[in-house]
Amino acid sequence: MTSPSKQTDAPRSTLVIACGALAREFLAVKTANGWDHMEVTCLPAIWHNYPQKIPDGIRRKIRANRAKYDEILVLYGDCGTGGLLDEVLKEEGVERIEGPHCYSFFAGADVFDRMQEEEIGTFYLTDFLVRHFDRFVVKGLKLDVHPQLLPMYFGHYKRVMFLVQIPDKALEKKAAAAAARLGLPLEIHYTGLSGIEPFVKPRDTAA
């Protein structure tokens, strides 16, 4: 008796290793598309302040999960690792999203480059950074206890650019308050989630 042929059109089980600052956005893309074959595991978002931890942290995640999934993807930019993350991924045979950081792939590389050319003194915020502005910027830079450091950190900036992934008026008000705290004008650019979706889209079903 011949056994039924195995389905080959089902998407492969996929683990996305993401920065904690991107978890909410990835889950929004996953839910919107019904990609139940995908799971996510994150490294701490605070590691952006300690980028030397990122390459080895991702290597450990890859090796701990390689046998459990058909595919592993990395949702990280270079994020200050100076190319060390790419060296790890080349050794492990794992792909990451293109771009030096989330600002670039959220906005799109061409748009981000134009923003930089327009005003190099731009401080960028994402939805995550607006939500956690006090923790990552104010307390992270110790501005809460040493406010005199603010001109040292931000004296050369000319504007704040809020790259919006999921429109939220309350978040826009928080972004305005954050920009005011830094003494800078606020501009808003709506990116949506199109910077993430094409990278994590199932390869087996891609057009």
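Predicted model: local features only at pLDDT ≥ 70, side-chain atom pairs only at ≥ 80, totals over all residues.

Student: Which residues line the largest cavity?

Tutor: Its lining consists of Cys 19, Ala 21, Leu 22, His 48, Tyr 76, Gly 77, Cys 79, Cys 102 and Phe 105. By type, that lining splits into 7 nonpolar residues, 2 polar ones and no charged ones.

Student: OK, pockets now. What is the volume of the largest pocket?

Tutor: About 670 Å³. The lining of that pocket is made up of 24 residues.

Student: Which of those lie nearest its centre?

Tutor: His 48, Asn 49, Tyr 103, Phe 123 and Leu 129.

Student: Which elements give two or more residues to the pocket lining?

Tutor: Those are α4 (102-107), β5 (122-125), α6 (127-131), α7 (133-138) and α8 (150-154). The most comes from β5, with 3 residues.

Student: Let's zoom out. How many helices and strands does the chain have?

Tutor: The protein chain has 10 helices and 7 strands. Its C-alpha trace spans about 80 × 35 × 30 Å along the principal axes, and 44% of its 207 residues count as buried.

Student: And the surface, how much of it belongs to carbon and sulfur atoms?

Tutor: Those atoms hold 53% of an accessible surface of about 11500 Å².

Student: Now strand β3. How many of its residues are buried?

Tutor: For β3, residues 71-75, the count is 5 of 5. In a regular strand, side chains alternate between the two faces of the sheet. Here Glu 71, Leu 73 and Leu 75 sit on one side, Ile 72 and Val 74 on the other, and both faces are covered.

Student: Which strands does β3 pair with?

Tutor: One partner is β1 (residues 14-19), in the parallel sense over 5 bridges. Within that pairing, Thr 14 has Glu 71 as its bridge partner. The strand β4 (residues 95-96) also runs parallel to β3, joined by 2 bridges, and there Leu 73 stands opposite Glu 95.

Student: Switching to helix α1, which of its residues are buried?

Tutor: Ala 23, Glu 25, Phe 26, Val 29 and Lys 30. The buried residues of α1 pack against β1, β2, β3, α4, α6 and α10 (197-200).

Student: What follows α1?

Tutor: Gly 34, with a positive phi near 65°. Further along, the loop between α1 (23-33) and β2 (38-43) holds His 37.

Student: Why does His 37 count as buried?

Tutor: Because its relative accessibility is 16%, and the cut-off for buried is under 20%.

Student: What is His 37 in contact with, leaving aside its neighbours within four places in sequence?

Tutor: Pro 11, Arg 12, Ser 13, Thr 14 and Pro 202. Of these, Thr 14 is the residue whose bridge partner in β3 is Glu 71.

Note on methods
Residues numbered from 1 in each chain as written. Heavy atoms only, no water. 1 Å grid on protein atoms, 1.4 Å probe; cavity = no way out; pocket = protein on both sides within 12 Å on 5 of 7 lines; lining within 4 Å. Points joined across faces, edges and corners; volume = space filled by probe spheres on them. Helix = DSSP H or I, 4+ residues; strand = E, 2+ residues; numbered from the N terminus. Buried < 20%, exposed > 50% of the residue type's maximum accessible area, 1.4 Å probe, protein only. Areas by Shrake-Rupley, 256 points an atom, 1.4 Å probe, with all protein chains shown as cover. Pairing = 2+ DSSP bridges. Contact = heavy atoms within 4.5 Å. Nonpolar A, V, L, I, M, F, W, Y, C, P; charged D, E, K, R; others polar.
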